[in-house]
Structures are given as C-alpha cells and as structure tokens.
Amino acid sequence: MVNVDTLTDKIPTGIEGFEHITYGGLTTGKTSLVVGTSGTGKTMFAMEVLSKGVTIFNRPVVFVTLEEPSDDIKNNALKMGWDLDRYVTDKMLKVIDASPDPVPLEKTGDYDLSGLLTQIAHSVKEIKAEVVIMDSIGSLFYQFRDVGLIRREIFRIVATLKDLGVTTILTAERTQEYGPVSKHGVEEFITDNVIILRNVLEEEKCRRTIQILKMRGALHSKGEFPFTMSRTGIHIIPLSAAELKQTSSNIRVSSGNNDLDEMTGGGFFRDAIVLVSGPTGSGKTLMSATFTGAACENKEKVLLLAYEESREQLLRNAMSWGENFQNYENEELMKIICVYPEAMGLEDHLLMIRTEIEKFKPDRLVIDSVSALERIATVKNFREFVIGLTSFVKEENICSLLTSTTPRLSGGDSVTEQHISTITDIIILLRYVEINGVLRRGISVIKMRGSQHDKQIREFSIDTGGLHIAEPFKNIQNIVLGIPSQSAPSESEQLGEMFKK
Amino acid sequence: MRYAFKLYVYGQTGTSIIAERNIRELIEEIRDIECSLEIIDILTSPEKSMEDKIIATPTLVRTDPQPQIKLIGDMSDTDFLKAMLGFR
C-alpha cells in the first residue's frame with residue numbers, strides 16, 4: 001500500500017477521511033466533478049471544502065451558487081457554524097449568486113456566458129482565490145435550456161480557471177445511483193477527477209458512500225467508502241485506517257479475573273481487541289464488568305457502551321457482582337453510554353464512539369454487545385462498521401473488550417464473529433454444557449495472538465463473588481460446536497483413577 | 001413616458017456588436033418615445049458584472065419603467081424584442 005503520493009500536488013480538503021482515501025486531497029489546479037443524486041450531500045461537500053479551506057488552510061475561495069440564492073446558502077452554512085459573511089469581510093471568500101433570476105429571462109438571439117465567466121475571473125483575481133466551487137452546474141441547463149451551448153460555456157469556464165491555476169470543484173446531478181455518471185454528460189469534458197456520492201437504500205437501510213471514480217495522474221483508493229453527515233460536516237470512514245501504523249504492545253493488563261489471566265498467559269495485551277462470545281446469560285456482561293472494575297481500580301479510564309441494557313439495569317447488575325460503577329463515574333474513571341441500536345444509523349454509531357473516545361480518552365473500551373448492532377444494518381454495512389471501529393481503537397491503543405451474543409443457546413456463529421474474528425487478538429468462548437441433564441458452563445480461550453494460552457475448555461461458575469474458573473471438562477466432546485457428548489475416559493486416565501483409590 | 005435601458009456587452013465580440021446595433025436601430029425607429037441607453041462593457045469594467053449579477057451576455061435590462069425586464073441575446077429577433085419591451 002502506498003501512503004504518500006509524491007507525483008501529484010494535492011490540496012487537503014479538511015473533510016474527515018477524504019485525505020486518507022485520496023492520499024492527500026484534490027489535485028491542485030485540476031477540475032473535480034462531484035456527482036450524486038438529489039440529497040446525497042453534494043452541497044454539503046462543497047460547503048465543507050469552502051469553510052475548512054478558509055478556516056483551516058487559509059485558502060481564499062470563490063463560491064458560485066447556481067441553484068440556491070446566496071442568502072439560503074449563508075443561512076444553511078451558519079447552522080453548521082460556518083460564518084460565510086465573516087469570510088467575505090475577511091476577503092477570504094467571494095460568493096457569486098447565479099441562482100435563477102426571479103425576473104424571467106427572455107431570449108432574443110445568440111448569447112454566451114461571458115458574464116458569469118467575467119464574474120468568476122474577476123473574483124479570483126480580487127481575493128487571489130485558490131479554489132473555485134460551482135454548485136451545481138446542472139442548474140445552468142435549466143436556466144438556459146440550451147444544452148449544447150451550456151456545455152461549451154462550462155468547458156470555457158473550466159479552461160479559463162485552469163489557466164488561472166485554481167483548483168475547481170463542480171457539482172452535478174445524476175438520476176440513478178448506479179448509471180450514467182451525470183445527467184448532462186458533463187464528465188465527458190471535465191475529465192480530471194470524478195467523485196461520486198451515493199445514498200443507497202438497502203434492505204430498508206440508508207447507506208451513504210463516497211467513491212473516487214477517477215483522479216487523473218494520481219493515486220487514490222478504489223471502491224465505495226461509507227460516510228455520515230453530522231452537525232460538523234461529512235465524516236468518511238476509511239476501512240483500512242491504520243493497517244500499517246499499528247504498533248504492538250508487550251505490556252499486559254488484567255482481565256479482572258485471576259483465573260482468566262492465568263488462562264491467557266498473564267492477561268490481555270494493552271492494545272488487544274478481545275471478543276467474548278457466548279449465548280445469552282452465559283456471563284459476558286459479568287466479564288465486561290470485572291474487566292471494567294480491574295481497569296478503574298488501576299486508575300485506567302474505561303468507556304462502556306451498552307446496547308442491550310439501560311443504565312439503571314447496568315448499575316444494579318454490576319453492583320450485584322461487587323462493582324460500583326457509579327463511584328467510578330464520579331471519579332471520572334468511567335463513562336457509561338446506553339443507547340438503543342435503533343437510535344441511529346451504524347455510521348452515526350461509529351462516529352459517536354469515535355467522538356466519545358476522542359473526548360474521554362479512555363484506556364479501555366467495552367462494548368456490550370457489538371452483536372446488538374447487527375440487527376440495524378446490512379451485513380456489508382456491519383462489516384464496515386466493525387473494521388472501522390477496530391482499526392480506530394487499534395490506532396488509539398485502547399484495550400477493547402467486545403461481547404457477542406450467539407444466535408442459539410447452544411452456541412454457533414453469529415455474523416459478528418464471522419466478520420470480527422480475524423481482526424480480534426483474543427477470542428474467548430463461553431458455552432453451556434449439558435452433562436447428565438445438568439447445565440454447566442464452559443470457558444475456553446480459542447485464540448490469543450502473540451502469547452501462549454490455556455487450550456482446555458474449563459468449567460466455570462458464577463456467584464456473588466463473580467466468575468470462578470475450575471478444572472477442564474473431562475471426557476466431554478464437541479462443546480464448542482454446541483453438541484457436547486460424553487466419551488469414554490482414556491486408558492491413562494482410567495489407570496490414574498485406579499491408583500488414586 | 002420615458003424608457004431607460006442598460007446593455008451589458010463583452011468587448012467587441014460578434015454578439016455584442018450586433019446587439020448594440022439592433023438596440024440602437026430600435027430606438028431610432030421609435031423616436032417619438034424618449035429613450036436612454038447605457039452601454040456597459042464588462043470586459044473593461046468587470047466589477048459591473050458583479051454588481052448587476054450578469055450571467056449571460058449580451059443582456060439588456062429595461063430599468064425604467066417598472067417592472068424591470070431582462071433580455072438576453074443579440075437582440076436579432078426584433079419583433080419579439082419590441083413586444084417584450086412594450087412597443088407594440
């Protein structure tokens with residue numbers, strides 16, 4: 001994977017994740033076409049490039065509004081906290097209002113768009129603009145209805161801007177999510193960069209994605225990347241966030257349970273992602289509670305996200321195992337967030353988690369349960385979420401414990417496990433084991449990256465003191481598969497038993 | 001009644017020259033009505049294009065009498081032009 005593209009000069013946009021998928025931003029002095037159906041966020045994209053350009057990169061911008069009147073644009077921007085009037089006063093922005101005239105334009109003979117071109121060129125020179133944004137050029141086709149002429153004139157404007165050395169962003173409509181790139185075929189002559197925004201309805205769930213269709217002469221990531229829009233702008237979720245940056249730690253932290261620490265060869269690594277999988281009632285929440293308690297006792301900060309229980313339930317249950325979460329919260333060692341999975345889309349969940357992590361800066365993260373989020377998303381969407389989340393927590397070096405509820409009481413795979421298992425460092429299975437008509441519980445560490453671990457399936461019990469791990473099950477097979485069966489004791493065991501007596 | 005026009009042109013381009021000629025001919029033709037015509041070349045004074053939000057050239061604006069009327073093109077469709085401006 002190439003991270004730095006040194007061949008082409010690029011300007012950063014300031015849109016979260018955009019620099020990552022384009023290896024640096026938009027190509028300098030080139031024209032980028034941003035296309036999308038209605039409501040995909042084209043104007044938002046344009047506005048964010050404008051505002052971040054001015055406020056973060058100190059880059060003067062000319063904004064040409066062809067659809068909405070400039071007052072509407074300014075009001076909408078203000079809701080996002082972007083004060084366009086101030087940028088104008090600071091000579092960092094020129095807004096050209098070329099929205100449809102309330103006075104109808106009548107046509108009597110030949111004309112061209114030299115007026116618009118003059119306005120743009122004049123503004124660029126006046127504030128020494130580095131970026132010109134036109135939103136959206138499709139409106140010109142409606143205002144003037146002369147398709148051939150408008151295409152020629154857009155080309156002339158783009159060519160003039162290229163001569164001036166500015167980076168141009170044009171937005172345009174399209175009619176289908178997967179069809180012709182744009183409505184009026186503008187991409188045929190604005191050929192430097194094409195960016196597609198999508199808002200696809202899949203299994204009754206909306207999913208926004210961004211795709212860099214082409215970026216002439218420059219490297220970029222291929223494929224669609226999910227994004228979400230919040231009050232602060234667009235957030236693109238790069239799926240491969242930190243593949244190469246991840247460092248690994250040899251320092252171990254306690255799981256909160258001595259027996260489990262022993263099974264894992266001394267505890268979890270400090271940057272590990274731990275998946276605890278088991279059927280309902282098997283002790284997952286207990287395990288996350290002891291993990292939390294151990295961290296807080298050690299003065300480490302824990303962020304706990306609960307998707308299955310309310311805050312009160314959580315506090316009460318933790319108390320019954322001797323963990324006083326309320327105290328930890330008062331000491332600001334812990335933050336509990338309880339949300340319904342259905343409260344928002346998966347991208348928004350991810351964004352929320354990332355924002356909370358950045359704010360609270362926890363040393364550990366607990367998600368109980370990550371599988372609860374499965375039901376609000378498509379499989380593809382969920383996979384992206386899991387990859388986005390895990391790569392982020394890895395980057396931040398947060399020891400994370402995720403729980404996953406298996407679909408059947410006897411065990412079996414959940415979607416979560418299929419997508420998460422290769423990303424996790426440690427997988428702990430909790431299973432019910434039926435022996436002679438009695439339900440018992442089994443625990444096993446089936447994977448532990450970079451460390452030796454106990455490979456046996458041990459019996460464990462839960463009481464007010466928490467979780468107690470005992471001896472391995474003997475003569476029971478297929479516990480992990482969920483179909484335990486008894487087998488005859490081996491010869492050596494039988495001999496051993498004989499000598500005991 | 002008094003009429004006032006502004007004609008926005010872009011340098012000495014073909015459409016600009018034709019539009020100016022056409023509009024002067026029209027004023028000549030209706031000499032019994034008092035008309036004023038201001039020619040604005042946005043190539044030499046680009047700031048005027050900003051002030052009056054000129055997108056297409058040539059653009060003819062009838063500023064007086066109200067309501068304002070905006071026409072674009074080289075004004076070669078004289079019958080339509082006259083009808084739009086209220087001269088027939």
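Student: How many bridges join strand β6 of chain A to β4(B), and do the two run parallel or antiparallel?

Tutor: Note that this is a predicted model. Strand β6 (residues 105-107) of chain A and β4(B) are joined by 3 bridges, and they run parallel. Within this pairing, A:Glu106 is opposite B:Leu71.

Student: How many residues does each chain give to the contact?

Tutor: The size of an interface is often given as the accessible area lost when the parts come together. Here we count residues instead: 28 from chain B and 19 from chain A. On the chain B side, α2 (46-51), β4 (69-72) and α3 (78-85) each give two or more residues. The largest share, 4 residues, is from α2(B). That side of chain B consists of 16 nonpolar, 7 polar and 5 charged residues.

Student: Now the sheet. In what order do the 9 strands of the open sheet in chain A stand?

Tutor: The order is β17-β16-β18-β19-β15-β20-β21-β22-β23, with mixed pairing. At the edges are β17 (334-338) and β23 (466-472) of chain A; each has a single partner strand, so one side of each lacks a neighbour in the sheet. On average, neighbouring strands are turned by 20 degrees against each other, direction ignored.

Student: Which residue of β21(A) is opposite A:Val433?

Tutor: A:Arg440. As for the strands, β20 (residues 426-435) and β21 (residues 438-448) of chain A run antiparallel and are joined by 10 bridges.

Student: Which helix lies across β18 (364-368) of chain A, and at about what angle does it run to that strand?

Tutor: Helix α9 (residues 284-297) of chain A, at about 160 degrees to β18(A).

Note on methods:
Residues are numbered from 1 along each chain as its sequence is written. Chains are lettered from A and ligands numbered from 1 in the order in which they are written. This is a predicted model: local features need pLDDT of at least 70, side-chain atom pairs count only at pLDDT 80 or more; totals for chains, interfaces and linings use all residues. Two residues are in contact if their C-beta atoms, placed from the backbone, lie within 7 Å. Ala, Val, Leu, Ile, Met, Phe, Trp, Tyr, Cys and Pro count as nonpolar, Asp, Glu, Lys and Arg as charged, and the others, Gly among them, as polar. Two strands pair if DSSP finds at least two bridges between them. Axes are lines fitted to C-alpha atoms, for helices over the stretch in contact, and angles run from 0 to 180 degrees between N-to-C directions.
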